[in-house]
Amino acid sequence: MRAIQRDYERIGAEGCYLLSLIKAAERILGRYIDAYEIYIRAHAAGAIDESCYVYDPAAVMALMLGGRWSVEKQTADYRPRPGEIVVLRYEREERTPSGTKTYAHFVLATQDGLSVAFDPYGDSRTVSEGKLVSKRVLRKVA
């Protein structure tokens, strides 16, 4: 039997990339997608680990939308082409007694890839106080 509460805790704490992919698929389909169902299916397929680390974002997109997808990491200044979906990765550094800790957070970009359309956390400090460091560009493969 699954520890559902623990699963939801992981999704909430560490699932920003997964939740951004789900929101992108919802934008394409024009309807709600159950994040927990995708978490279970993507984990079973080996596309994510139990802590929501996304190993294969293309496979996650295929689970939700069908077809084949490609994903590539691009620089922060990359300008998307029509039809591309962009997920932004922000980083924020914080000094701690033991050194510097780096926080990372993924959000879904607007269609032009230049700003935040959806922040899974709502108002992430990493986005507001950090800097954009890279982009993940998703494309449907013909």
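Predicted model: local features only at pLDDT ≥ 70, side-chain atom pairs only at ≥ 80, totals over all residues.
Two packed helices are described by the angle between their axes and the distance between the axes. Helix α2 covers residues 16-29 and α3 covers residues 35-44. Their axes come within 11 Å and cross at roughly 115°, and the crossing in which α2 passes α3 is right-handed. On the α2 side the contact involves Leu18, Leu19 and Ile22, which meet Ala35, Ile38 and Tyr39 of α3.

Helix α4 is made up of residues 57-65, and α2 packs with α4 at an angle of about 35°, the axes being 10 Å apart. The α2/α4 crossing is right-handed. From α2, the residues in this contact are Tyr17, Leu18, Leu21, Ile22, Ala24, Ala25, Ile28 and Leu29. They meet Pro57, Val60, Met61, Met64 and Leu65 of α4.

## Aromatic pairs

The model contains 4 aromatic pairs. One of them joins Tyr8 and Tyr36: the ring centres are 4.7 Å apart and the planes lie at 15°, so the pair counts as stacked. This pair links distant parts of the chain, since Tyr8 is in helix α1 (residues 4-14) and Tyr36 is in helix α3, 28 residues apart. Tyr8 is partly exposed, with 47% relative accessibility. Tyr36 has 15% relative accessibility and is therefore buried, the limit being under 20%.

Tyr36 also pairs with Tyr39, again in a stacked arrangement, with 6.2 Å from centre to centre and 20° between the planes. Both residues of this second pair lie in helix α3, 3 residues apart, which is about one turn of the helix. Tyr39 is buried, and its relative accessible area is 0%. Tyr8, Tyr36 and Tyr39 form one aromatic cluster.

## Charges over rings

The charged end of Lys23 sits over the ring of Phe118, at 4.9 Å from the ring centre. For Arg92, the charged end sits over the ring of Tyr103, and the distance to the ring centre is 4.5 Å.

## Cysteines

The number of disulfides in the structure is 0. The closest cysteine sulfur to that of Cys16 belongs to Cys52, at 8.9 Å, which is too far for a bond because a disulfide needs the sulfur atoms within 2.5 Å.

Cys16 counts as buried at 14% relative accessibility. Cys52 is buried too, with a relative accessible area of 2%. Cys52 is found in the loop between α3 and α4. Its backbone has a positive phi of about 75°, although Cys52 is not a glycine.

## Two exposed residues

Tyr32 is in the loop between α2 and α3. With a relative accessible area of 61%, Tyr32 is exposed, because the limit for that class is over 50%. Tyr32 and Ile4 are 28 residues apart along the chain, and their C-alpha atoms are separated by 20 Å.

Lys73 lies in strand β1, which spans residues 68-75. Its relative accessibility of 60% makes Lys73 exposed. Lys73 and Val86 are 13 residues apart in sequence, and the C-alpha to C-alpha distance between them is 9.8 Å. Leaving aside its neighbours within four places in sequence, Lys73 is in contact with Ser134, Lys135 and Arg136.

Technical notes
Residues numbered from 1 in each chain as written. Heavy atoms only, no water. Helix = DSSP H or I, 4+ residues; strand = E, 2+ residues; numbered from the N terminus. Buried < 20%, exposed > 50% of the residue type's maximum accessible area, 1.4 Å probe, protein only. Phe/Tyr/Trp six-rings, centres within 6.5 Å; stacked < 30°, edge-to-face > 60°. Lys NZ or Arg CZ within 6 Å of the ring centre and 35° of its normal. Axes fitted to C-alpha atoms, helices over the stretch in contact; angles between N-to-C directions. Left-handed = near helix turned anticlockwise from the far one by under 90°. Contact = heavy atoms within 4.5 Å.
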